[in-house]
Amino acid sequence: MTVKTELLTIDNFTPPSRTPWGGTKIRGHFKATWDLPTSWERVGESWEISVEPSFPSRLAQSGRLLSEAISDDPKAWLGESVAHRFGGQTPLLVKLLDAADNLSVQVHPEHGDPILEPGESGKPEGWLVLDAEPGAGLYLGFKPGIGRAQVQNCIETGGKLDELMNFVEVKVGDAFYIDAGMPHAIGRGVTLLEPQTITPGCRGVTYRFWDWNRRYDANGVLDPAGEPRPLHLERSLDVATYRGKDEVSLADEARFEPIRLPQEEWEFDRHVVIECPTFVTEAWSGSGQRSFQPFGTMLTLTCVRGQARLESERGAVNIRRGQSAVVPAAEGEFTLYLYRGDIVMCRSVA
């Protein structure tokens with residue numbers, strides 16, 4: 001069977017009970033042109049590219065799991081170097097997230113953290129802001145000079161942990177890298193694309209510091225008489241990075257240069273957004289065409305505006321807003337035609 005570029009199904013959503021903070025922009029804007037059930041009005045997460053068993057991606061045409069397709073021919077899909085490094089499966093997970101309310105304050109461990117159980121993994125991630133309401137922002141690390149004891153006391157006495165954190169107001173095109181140890185939370189009013197890497201076959205681990213002292217009913221709806229979400233205070237405190245008063249804040253360290261939008265609608269602009277040890281994210285924006293030489297590994301393409309068409313010797317694929325595709329290493333050279341569009345590309349680093 002020829003390995004070629006494949007579209008993925010568009011509705012790989014997590015249930016509202018898992019994301020009580022979810023908003024309406026994924027369903028109502030980014031995927032507004034698709035015929036989706038009205039029950040999906042509020043969507044917190046759309047797992048655009050995933051081989052994780054809990055919410056795996058499927059190929060749109062055949063319905064096969066993406067993980068199965070890759071397993072059939074890992075080198076053709078991932079390229080020899082990435083297939084070797086990650087055991088024949090992609091470590092990439094790419095999500096759309098929409099926060100109508102603040103997410104909990106979280107932290108991720110290192111990939112090789114000795115406390116991780118078998119089948120668990122760290123999950124370094126990037127954030128590319130796609131939409132932001134006025135004044136909306138992100139919580140990135142504790143302020144310089146804030147130590148473990150102050151954080152623990154704040155949480156145990158019912159205080160406001162956000163007051164100890166760096167708040168960064170954001171706009172469309174801002175980009176950040178959230179490394180292991182970075183306490184973080186997406187603030188209300190922010191919609192973003194989140195690429196991350198998880199050891200294949202494992203579950204990415206998140207430790208939850210604090211959830212704004214909220215309580216929920218069994219369906220994930222705010223309820224003062226309900227139950228709080230489980231916290232992982234000791235592990236969070238152990239994993240978190242703290243900075244001295246004279247050190248650079250984690251928020252400043254996490255920021256990348258914002259996307260430079262095309263000066264003219266009919267330009268095709270390409271540049272790197274996030275570059276880290278395990279993945280690279282690029283933005284392809286505007287209108288026009290570009291030919292791309294082989295990257296040597298699988299690409300993930302998520303269309304967040306307009307539309308695109310990818311052509312190669314193996315065929316052609318049209319990609320619309322709200323849709324994602326995977327381009328195998330074996331695709332070789334291809335040409336991308338972009339029409340008033342924004343494509344976010346992610347690839348693993350060998």
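**Contacts, cavities and cysteines in a predicted model**

Reply: In this predicted model, S67 touches V51 and Q89, leaving aside residues up to four places away in sequence.

Me: Which helix holds S67?

Reply: S67 sits in helix α2, residues 66-72.

Me: Is S67 buried or exposed?

Reply: Buried means under 20% relative accessible area. S67 has a relative accessible area of 16%, so this serine counts as buried.

Me: V51 came up as a contact of S67. Which residues line the largest cavity?

Reply: V51 is one of them. The lining of the largest cavity consists of S50, V51 and E52, then T90, P91, L92 and L93, and finally I198, T199, P200, G201 and C202. By class, this lining has 7 nonpolar, 4 polar and 1 charged residues. The volume of the largest cavity is about 80 Å³.

Me: How many cavities of 30 Å³ or more does the structure hold?

Reply: There are 2. The second largest cavity has a volume of about 50 Å³. Its lining includes P294, F295, G296, T297 and L299, along with V327, P328, A329, E331, G332 and F334. These lining residues divide into 7 nonpolar, 3 polar and 1 charged.

Me: A pocket is an open set of points, whereas the probe cannot get out of a cavity. What is the volume of the largest pocket?

Reply: The largest pocket has a volume of about 600 Å³. Its lining comprises 33 residues, and R18, E45, K95, K123 and T206 lie nearest its centre.

Me: Which elements give two or more residues to the lining of that pocket?

Reply: They are the strands β2 (45-49), β3 (92-99), β6 (125-132), β10 (184-186), β11 (190-197), β12 (203-204) and β13 (207-210).

Me: How does the lining of the largest pocket divide by class?

Reply: The count is 13 nonpolar, 10 polar and 10 charged residues.

Me: How many disulfides does a search of the whole structure find?

Reply: The search finds 0 disulfides. C276, for example, is in no disulfide, and the nearest cysteine sulfur, in C346, is 9.6 Å away.

Technical notes. Residues are numbered from 1 along each chain as its sequence is written. This is a predicted model: local features need pLDDT of at least 70, side-chain atom pairs count only at pLDDT 80 or more; totals for chains, interfaces and linings use all residues. Side-chain values use heavy atoms; hydrogens and water are left out. On a 1 Å grid over the protein atoms alone, a cavity is a set of points where a 1.4 Å probe fits but cannot get out, and a pocket is an open set with protein on both sides within 12 Å along at least five of seven lines; lining residues have an atom within 4 Å of a point. Grid points are joined across faces, edges and corners, and a volume is the space filled by probe spheres set on the points. Ala, Val, Leu, Ile, Met, Phe, Trp, Tyr, Cys and Pro count as nonpolar, Asp, Glu, Lys and Arg as charged, and the others, Gly among them, as polar. Helices (H or I, at least four residues) and strands (E, at least two) are DSSP runs, numbered from the N terminus. Buried means under 20% relative accessible area, exposed over 50%, partly exposed in between (1.4 Å probe, protein chains only). Contact means heavy atoms within 4.5 Å. A disulfide is a pair of cysteine sulfur atoms within 2.5 Å.
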